[in-house]
Amino acid sequence: MISVTQQHGVLALYYDQLKILEHSPSRCCIELVQGAETVDMYRGNYFITDALQSSLPLESCQFRESLQEGKGVCTLTFFSGEIGISCEFREHKDRLQVSFSPLPKLYNRLVLRLFALPDEHIWGCGEQFSYFDLRGKNFPLWTQEQGVGRNKATAITQTADALDRAGGDYHTTFYPQPTYVSSRSYFLHADTGGYADFDFSHAEYHRLTFWEVPASLTISHKKSLLEVVSDISLLLGRQAVLPSWVYDGIILGMQGGTGICLEKLGRMRACKVPVNGLWIQDWQGEKYTSFGKRLRWNWQWDQNLYPDLDRQIVRLAQEGVRTLGYINPYVLKDHPLYEEAKRLDLLGKREDGSIYFVDFGEFDAAVVDFTNPDAVSWYKEVIKRELLDFGLSGWMADFGEYLPTDIHLFNHRSAMLEHNRWPGYWAKVNKQAIQEQGKEGQILFFMRAGSSESLRSCPMMWAGDQNVDWSEDDGLPSALTGALSLAMSGMGLHHSDIGGYTTLYGMKRSKQLLIRWTEFAAFTPLMRTHEGNRPLDNWQFDSDQQTIDSIRTMTEIHVRLKEYLIHAVKENAEHGWPVMRPVFLHYPQSPFFTCKDIYLLGRDLLVAPVLVEDATSRSVNLPDDRWIHLFRGTRYTGGTYTIQAPLLEPAVFYRESSEFSALFASFNRGTEALP
């Protein structure tokens with residue numbers, strides 16, 4: 001129910017008794033702005049400024065209420081003099097939907113101020129790696145490289161900025177989404193592909209800035225935060241269940257040729273490590289730059305580097321080991337797929353009609369234009385022919401965030417308005433290729449870049465290119481923060497590169513980090529390793545026997561949890577309840593509203609991974625319930641405890657009343673020595 005009140009010169013609009021906005025001449029809830037942006041993109045890092053040319057607060061407001069199809073509709077018209085804009089509020093499918101009239105001439109920015117409380121908590125906005133509770137900060141929403149370090153106060157970020165303009169900041173992300181969730185038990189989603197900035201730093205209002213008028217705003221108010229999160233995916237789309245083979249072991253990231261991969265697999269299997277897949281990112285060839293080992297972006301089997309791979313894929317699949325590859329939405333200049341796309345006129349252009357080449361770091365590639373239906377059909381055929389027919393069971397569908405803002409597209413829309421939507425287009429291409437090939441439910445692809453459109457198309461996200469370190473903003477802890485923020489944005493399936501990826505400026509993956517990251521990954525929907533961009537600098541899964549034994553131990557735990565993981569993934573598919581859940585979705589109490597270092601895996605497992613180097617114990621806040629330590633069998637009630645957490649015994653607890661308690665109890669190994 002929509003209602004409007006006016007008292008003492010203040011107009012307030014409510015939906016379902018939830019105050020949405022408050023307007024007065026001294027505190028306008030809508031402002032029109034004329035801005036002039038500059039956009040500089042360097043290898044996926046964007047530097048965007050907006051020069052304010054004029055602004056106009058709309059001081060006056062008139063409202064009109066009516067009934068349409070039995071539902072209440074309220075139209076508010078905000079104006080200053082003869083310039084104004086109308087906002088229509090209507091009830092639609094148990095949500096509030098807001099639409100706007102076009103911006104008046106001369107203005108190209110819309111600023112909204114929505115009512116807030118000083119003690120309100122905010123989550124979401126896609127995948128945020130530094131902050132989980134977003135209150136107190138503003139978040140520009142623009143898909144781009146996440147950046148190295150992502151904290152301007154750290155030496156790593158400063159070095160990356162100085163040497164390659166690649167340091168990033170607290171808000172830089174592959175996956176922005178104009179959706180936030182409030183502790184007042186509602187979400188707001190903006191249907192927009194343009195640049196936006198959501199500012200939660202003001203005590204009494206949230207300031208939302210849009211560089212295009214959103215097609216609509218959707219607000220949903222529910223009784224619980226779990227219902228709110230569920231309703232986001234009901235609106236935007238829900239992920240399907242995962243193929244059954246995904247739970248049967250660890251996917252080992254490896255590269256370097258057929259012989260090397262088979263040798264590594266043989267050693268791990270000889271040590272009885274449950275391996276369900278080989279992820280071979282250089283199946284189509286390799287390329288070296290100053291950054292480290294890169295890939296040859298021509299999505300066809302490199303028979304020189306991988307002789308006999310086609311037959312090995314069949315043999316390994318019969319033995320329960322799937323083969324996964326790699327692809328992205330660009331084609332390498334002067335290679336066969338590029339030449340084919342060029343001949344068919346399927347690539348993005350410059351203003352003069354020439355092909356637009358993007359610098360990806362010492363090599364150029366062209367953009368397959370997904371606004372061209374023929375380009376979409378062609379790239380789906382590439383996926384079918386080169387990946388699916390070849391026998392791959394999945395792939396990393398990388399990138400998607402590099403669309404230049406000055407590229408000219410087939411549909412003639414500004415790339416400024418297509419940029420944020422591009423990862424969603426890329427996800428849809430992958431999903432449709434699999435569906436059209438009749439392989440739905442058998443194939444797994446995973447992505448780092450995302451948009452609002454990703455929820456209905458992408459079966460699994462991964463956290464991107466974390467540093468091989470313990471840093472809060474870009475190391476192991478950031479992978480968990482990213483998973484929780486995506487959970488609050490409706491995306492319920494997420495994992496990360498075990499051990500991280502980015503190996504630069506003296507960073508080298510340690511043995512301890514790899515094992516601790518493996519512990520964390522065992523309690524996520526998917527386990528997958530990555531060698532990193534400089535494999536020789538990193539500790540790897542087979543660097544010594546203790547590491548192999550540790551990976552075996554944690555992978556065996558993951559496999560034994562298969563029944564429970566399938567249950568949690570099904571809940572995500574059917575109800576939109578994320579697999580990795582913030583604790584407050586089931587225990588809405590302090591201090592869990594701001595807690596980002598523990599999580600619930602499904603309803604019944606509470607996981608407190610070790611995220612600090614050299615730590616052998618950690619403090620854990622347990623919510624009010626009856627908990628049992630998964631490995632030691634010790635019983636706890638709600639409260640704060642210091643929990644011992646030696647290697648291979650992370651602090652994990654299960655609810656005593658869980659329907660899976662018999663399964664969980666089988667993990668109890670008391671205080672016996674661990675391998």
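This is a short walk through one protein chain, from its overall build down to a few single residues.

Okay, ground rules before we start: this is a predicted model, where local features need pLDDT of at least 70 and side-chain atom pairs count only at pLDDT 80 or more, while totals for chains, interfaces and linings use all residues. Residues are numbered from 1 along each chain as its sequence is written, and side-chain values use heavy atoms, with hydrogens and water left out.

So, the big picture. The protein chain has 13 helices and 37 strands; those are DSSP runs numbered from the N terminus, with helices being H or I of at least four residues and strands being E of at least two. Its radius of gyration is 25 Å, close to the 26 Å the globule rule gives for 675 residues, so the chain is as compact as a globular protein of that length. That radius is taken over C-alpha atoms, and the rule is 2.2 Å times the number of residues to the power 0.38. Buried residues make up 62% of the 675, where buried means under 20% relative accessible area, exposed means over 50%, and partly exposed is in between, using a 1.4 Å probe and protein chains only.

Now let's zoom in on Thr524. This residue sits in the loop between helix H10 (511-522) and helix H11 (545-560). Buried or exposed, then? Thr524 is buried, with a relative accessible area of 2%. Its contacts (heavy atoms within 4.5 Å) include His494, His558, Met580 and Tyr599, leaving aside residues up to four places away in sequence. Leu565 is another residue that Thr524 touches; the two are 41 residues apart in sequence, yet 8.4 Å apart in space, C-alpha to C-alpha. And look at the side chain of Thr524: one of its polar atoms lies 2.7 Å from the backbone oxygen of Ala521, and there's a distance of 3.0 Å from the backbone oxygen of Leu526 to a polar atom of that side chain.

Most residues other than glycine have a negative phi, and most peptide bonds are trans. Here, a cis peptide bond joins Ser590 and Pro591, with omega about 10°, and Pro591 is in the loop between strand E30 (580-581) and strand E31 (599-601). Cys125, not a glycine, has a positive phi of about 60°; Cys125 belongs to strand E11 (residues 122-126) and is buried at 0% relative accessibility. Asp308 also has a positive phi, about 70°, but Asp308 is in a loop, between strand E21 (292-295) and helix H4 (309-318), and is partly exposed at 27%.

Technical notes
A polar contact is a pair of N or O atoms within 3.5 Å; within protein, one must be able to donate a hydrogen and the other to accept it, and residues adjacent in sequence count only if both atoms are side-chain atoms.
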